[in-house]
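Thanks for taking a look at this one with me. Below are a few points I noted while going through the model.

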Amino acid sequence: MEGEDITTNNKEALSIEHGQLRGDQDHEFSLPSAHTIGHDSWQQVGLMLVTSFNCGYILSFSNLMLVPLGWTWGIICLLVVGFYTAYANWLLAAFHFINGQRFIRYRDLMGLLFGREMYYITWVSQFLTLLLGNMGFILLGGRALKEINSEFSDSPLRLQYFIVVTGATYCIYSFLIPTMSAMRRWLGPSTVLTFAYIVILLVVAVKDGKAKTKRDYAIHGNKADRVLNAFGAISAIIVCNTSGLLLEIQSTLRKPAVSNMRKALYLQFSVGLVFYYGVSMVGYWAYGSTVSEYLPGELSGPKSVKVLINAAVFLQSIVSQHMFAAPIHETLDTKFLKLETGMNTKENLKRRFYMRALLFTVNSFVTAAFPFMGNFVNLFGSFTLVPLTFVFPSMIFIKVKGKTARVEKNLWHWFNIIIFSLLAVVTTISAVRLIVNNVQKYHFFADT
């Protein structure tokens with residue numbers, strides 16, 4: 001009966017927003033949250049999105065996105081995937097409220113509409129995405145620290161030492177700043193660091209590009225390699241634009257949460273997109289198809305410039321990684337903290353410390369064992385982010401509004417479901433192939 005009510009009362013369901021989590025306490029797929037709900041402004045969330053998506057990950061995108069595609073297909077895919085991603089997130093934001101109930105977790109919404117199986121599929125997909133993404137951040141921070149060490153030593157320490165330092169730093173930050181809303185005071189410094197390293201990097205890259213008379217933009221490899229690498233690049237573009245945790249981010253927004261989320265998305269896909277696409281294109285223009293997987297490694301200029309860029313990347317990543325890890329912390333905190341007491345009671349502080357330490361210890365160990373940055377990006381952009389971003393929102397639309405929507409709208413969403421399901425399969429094959437090739441090429445705990 002609950003499913004029938006949802007599909008027959010669509011207009012009313014999607015026009016009501018309540019500040020209370022009505023029914024959350026009773027529904028089998030919903031739990032109260034240990035974290036802050038309905039508190040933040042759209043400007044705060046928009047700034048968080050801009051800085052988080054302009055993290056050090058963008059330093060690998062020239063290599064991952066444009067080298068396999070070249071200029072023509074690269075620009076086309078950047079525009080098409082960027083537009084589609086913005087649209088899919090805009091669509092999903094509308095389903096934050098259904099029948100007056102606020103869904104603060106993606107898996108809760110999928111569980112209500114499609115049953116327990118989809119609840120767990122969504123839960124696993126999200127957490128694989130977030131865990132792999134967090135490992136990528138740890139690897140990124142470790143590589144930035146090693147680059148700094150390399151500027152001062154002819155025999156720098158192994159990458160694994162810096163991975164451990166990065167994991168420990170992230171752990172301390174996540175313990176002291178436990179929720180997404182608590183990032184508010186850190187967004188200002190993060191913004192300064194973000195645009196500082198981007199501007200410096202762009203200046204040096206443009207200077208290098210002008211000094212380089214010959215650049216190779218050819219797409220190398222046999223036909224099969226080029227095709228699979230192109231799908232891997234599409235995965236990287238998807239990662240560049242979306243997180244798979246829109247409802248969790250939206251849960252922090254004050255009323256009206258739907259329009260506020262869309263305002264934050266407009267900021268991300270205008271100001272934010274200009275910078276992370278800009279860095280990717282300038283890097284490819286300056287260094288061609290030989291551009292490094294970590295762009296600062298290509299830069300010329302004095303030692304101080306490289307040190308400054310890498311230091312800014314490391315410090316900025318401490319803040320930006322927290323947005324992507326916060327839903328994991330929220331789940332653990334809601335499960336294991338004593339919700340009837342404050343977040344900062346002695347017992348809850350102890351439990352929070354143990355949970356953060358366990359999470360980052362495991363993630364740092366796995367990252368140290370498999371230090372292949374590109375593989376992380378392509379893998380979690382394929383079999384997890386594609387369904388979460390493109391397939392599931394169209395499934396939700398058909399379930400909630402399908403009986404009253406026009407035929408062409410239903411056909412449009414069925415088209416999205418089929419096309420992006422096939423894309424998920426192909427891009428996953430490409431990502432797995434890349435991982436297999438690198439496992440054969442490198443050894444565990446490689447000092448890359």
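1. Let me begin with cysteine 240, which counts as buried at 1% relative accessibility (buried means under 20% relative accessible area, exposed over 50%, partly exposed in between, with a 1.4 Å probe and protein chains only). The closest cysteine sulfur to that of cysteine 240 belongs to cysteine 55, and at 9.1 Å it is too far for a bond. Cysteine 171 is buried too, at 10% relative accessibility. Across the whole structure, the search for disulfides (pairs of cysteine sulfur atoms within 2.5 Å) finds zero.

2. A word on the basis of these notes: this is a predicted model, where local features need pLDDT of at least 70 and side-chain atom pairs count only at pLDDT 80 or more, while totals for chains, interfaces and linings use all residues. Residues are numbered from 1 along each chain as its sequence is written, and side-chain values use heavy atoms, with hydrogens and water left out.

3. Helix H10 (residues 223–241) packs on H12 at an angle of about 130 degrees, with the axes 10 Å apart. H10 is therefore oblique to H12 (under 35 degrees counts as roughly parallel, over 145 as roughly antiparallel, 65 to 115 as roughly perpendicular and the rest as oblique). Axes are lines fitted to C-alpha atoms, for helices over the stretch in contact, and angles run from 0 to 180 degrees between N-to-C directions.

4. Do have a look at the loop between helix H11 (246–250) and helix H12 (257–287), where proline 256 is found. The peptide bond from lysine 255 to proline 256 is cis, with omega near -5 degrees. Helices (H or I, at least four residues) and strands (E, at least two) are DSSP runs, numbered from the N terminus.

5. Asparagine 99 lies in the loop between strand S1 (97–98) and strand S2 (101–102). Although not a glycine, asparagine 99 has a positive phi of about 55 degrees. Its relative accessible area of 28% makes asparagine 99 partly exposed.
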